[in-house]
Amino acid sequence: MKAVVWHGKRDVRVDDVPDPTLQDPTDAIVRISSSGICGSDLHLYEVLGPFMSEGDILGHEPMGVVEEAGSEAGVEVGDRVVMPFQISCGSCFMCDQKLYTQCETTQVRDQGMGAALFGYTKLYGAVPGGQAEFLRVPQAQNTTIKVPEGPADERFVYLSDVLPTAWQAVEYAAVTEGGSVTVLGLGPIGDMASRIAMHKGLRVIGVDIVPERLERASERGVEVIDLIEHPDDLAEVVRGMTDGRGTDSVIEAVGMEAHGSPGAKIAHQMAGYLPDPLAEKVMEKAGIDRLHAFHLAIDIVRRGGTISLIGVYGGMADPLPMLTIFDKQIQLRMGQANVKRWVDDIMPLLMDGDPLGVEGFATHKVPLEEAPRAYEIFQKKEDGAVKVLLQP
Ligand SMILES: NC(=O)c1ccc[n+]([C@@H]2O[C@H](COP(=O)([O-])OP(=O)(O)OC[C@H]3O[C@@H](n4cnc5c(N)ncnc54)[C@H](O)[C@@H]3O)[C@@H](O)[C@H]2O)c1
Ligand SMILES: [Zn+2]
Ligand SMILES: [Zn+2]
């Protein structure tokens, strides 16, 4: 089959690789029809390179049709399914609490990490990903979401990641009715989180640096601020819009690719050129993460408010303004999205009309073969790329 394969920093290719096969009774093989490229893939494309191995298949936002099913897979050949980005059993202590990202059956214990993820480094189990013609789905009895026939893939494909991640971001932001939230980053996750927050009747202020992204959000009623125009006084501007207080909550949907911290950028680039074991150490210990957006969130949120951190972070030695976090009494919630936790809340919005605008959310739908170029334009934010769907 054809698959999107990681070869090195900023080097993904479409290769011929062996077809996946059933290995356990709980496995299913799915023929992929659509597969998203995610902001999280950009971390692999560049800064998380040390945790990748040449030959790894990328992708964690796939959907398709069951081609083969093991005896305990809980799905039938021909079922139309979306795969959550995390692999979870559905019946352990953590899954019982709907903390699927912490599934005790698939936890990657040798790395000290939570549930295994599709296509996401050896930290998360080095599981082959879904930007491919076929995908082996382990623990298929819980790692699939059955969706109805009929509507286009676009209706459902974002159930794998974008929708539940954005939904969790808004839930964790815990804004009371009629309250306000600042969304930092208007990539697919921040954009969708803004849509969900507005759907719930909240006031949304959105921040980014890319004109098309600001425009897209503004068209849907988000009050947007361009960080480029306010490099040093963004928090002041938000306070000015909110009776001097700041918003009730801040959703941080940027993560460690934040722009604005040049020292970190150089360290990242250095890590990219070091031999892997050394680069891993730099990434884990040297604190080279770009915390710019997180620092902004701490500044913007009102006293006693909540920061919902949905952007992905890594590393250790990052200095944090503990005095400010403590003194402002900030509540902090974060983590990978527990996908299946939110599906029942989201599904009605996909079936009745399309209040979140999932149809038309993708800016690019391209054949799998065009993945290398798609990664490039998504990373460089060229050609208006906000969300790319690969269609094998
Ligand atoms: N927690 C989860 O389960 C989960 C799931 C999916 C994605 N994510 C993470 O969410 C983040 C966003 O994902 P995405 O797909 O939208 O990616 P993206 O890279 O397209 O979006 C990030 C956006 O942030 C903007 N930005 C950069 N620096 C900024 C700053 N200092 N202030 C404000 N905006 C800034 C960028 O211009 C970009 O539009 C990534 O870190 C991704 O890994 C987390
Ligand atoms: Zn994703
Ligand atoms: Zn489990």
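Student: In this predicted model, does Ala 197 count as buried or exposed, given its relative accessibility?
Tutor: The cut-off for a buried residue is under 20% relative accessible area. Ala 197, which has its place in helix H5, has a relative accessibility of 0% and therefore counts as buried.

Student: Which residues does Ala 197 touch, not counting residues up to four places away in sequence?
Tutor: For a contact, heavy atoms have to lie within 4.5 Å. With residues up to four places away in sequence left out, the residues that Ala 197 touches are Val 170, Val 181, Leu 202 and Val 204.

Student: How far apart in space are Ala 197 and Ala 173, C-alpha to C-alpha?
Tutor: Along the sequence, Ala 197 and Ala 173 are 24 residues apart. In space, taken from C-alpha to C-alpha, the separation of Ala 197 and Ala 173 is 9.6 Å.

Student: Why can H5 be described as largely enclosed by the rest of the structure?
Tutor: The buried residues of H5 include Pro 188, Asp 191, Arg 195 and Ala 197, and they pack against H4, strand S8 (180-184), strand S9 (203-208), helix H6 (211-219), strand S11 (249-252) and helix H13 (371-380). H5 is largely enclosed because the number of its residues that are buried is 10 of the 12.

Student: What span should the 12 residues of H5 have at 1.5 Å a residue?
Tutor: The end C-alpha atoms of H5 are 16 Å apart. That distance agrees with the span that its 12 residues should have at 1.5 Å a residue, which is 16 Å.

Student: Which element gives the most to the lining of the largest cavity?
Tutor: By the rule applied here, the count comes to one cavity of 30 Å³ or more, and about 30 Å³ of space lies in the largest cavity. Its lining consists of Asp 191, Ser 194, Arg 195, Met 198, Ala 217, Arg 220 and Val 222, and these residues divide into three nonpolar, one polar and three charged. With four residues, the element that gives the most to this lining is H5.

Student: Which elements do the buried residues of H12 pack against?
Tutor: In H12, the buried residues are Val 339, Trp 342, Val 343, Ile 346, Met 347, Leu 349 and Leu 350. The elements against which these buried residues pack are strand S7 (145-146), helix H3 (153-156), helix H4 (162-173) and helix H5 (188-199).

Student: Which residue just after H12 takes a positive phi?
Tutor: H5 is followed by Gly 201, whose phi is positive, near 85 degrees. Just after H12, a positive phi of about 60 degrees is taken by Gly 353.

Student: Does Gln 329 count as buried, partly exposed or exposed?
Tutor: Most residues other than glycine have a negative phi. Lys 98, in the loop between helix H2 (93-96) and strand S6 (134-137), has a positive phi of about 60 degrees although it is not a glycine, and at 40% relative accessibility Lys 98 counts as partly exposed. Gln 329, in the loop between helix H11 (322-327) and strand S13 (331-334), is likewise not a glycine and has a positive phi of about 55 degrees. Its relative accessibility is 60%, so Gln 329 counts as exposed.

Terms used:
Residues are numbered from 1 along each chain as its sequence is written. Chains are lettered from A and ligands numbered from 1 in the order in which they are written. This is a predicted model: local features need pLDDT of at least 70, side-chain atom pairs count only at pLDDT 80 or more; totals for chains, interfaces and linings use all residues. Side-chain values use heavy atoms; hydrogens and water are left out. Buried means under 20% relative accessible area, exposed over 50%, partly exposed in between (1.4 Å probe, protein chains only). Helices (H or I, at least four residues) and strands (E, at least two) are DSSP runs, numbered from the N terminus. On a 1 Å grid over the protein atoms alone, a cavity is a set of points where a 1.4 Å probe fits but cannot get out, and a pocket is an open set with protein on both sides within 12 Å along at least five of seven lines; lining residues have an atom within 4 Å of a point. Grid points are joined across faces, edges and corners, and a volume is the space filled by probe spheres set on the points. Ala, Val, Leu, Ile, Met, Phe, Trp, Tyr, Cys and Pro count as nonpolar, Asp, Glu, Lys and Arg as charged, and the others, Gly among them, as polar. The expected span of a helix is 1.5 Å times one less than its number of residues.
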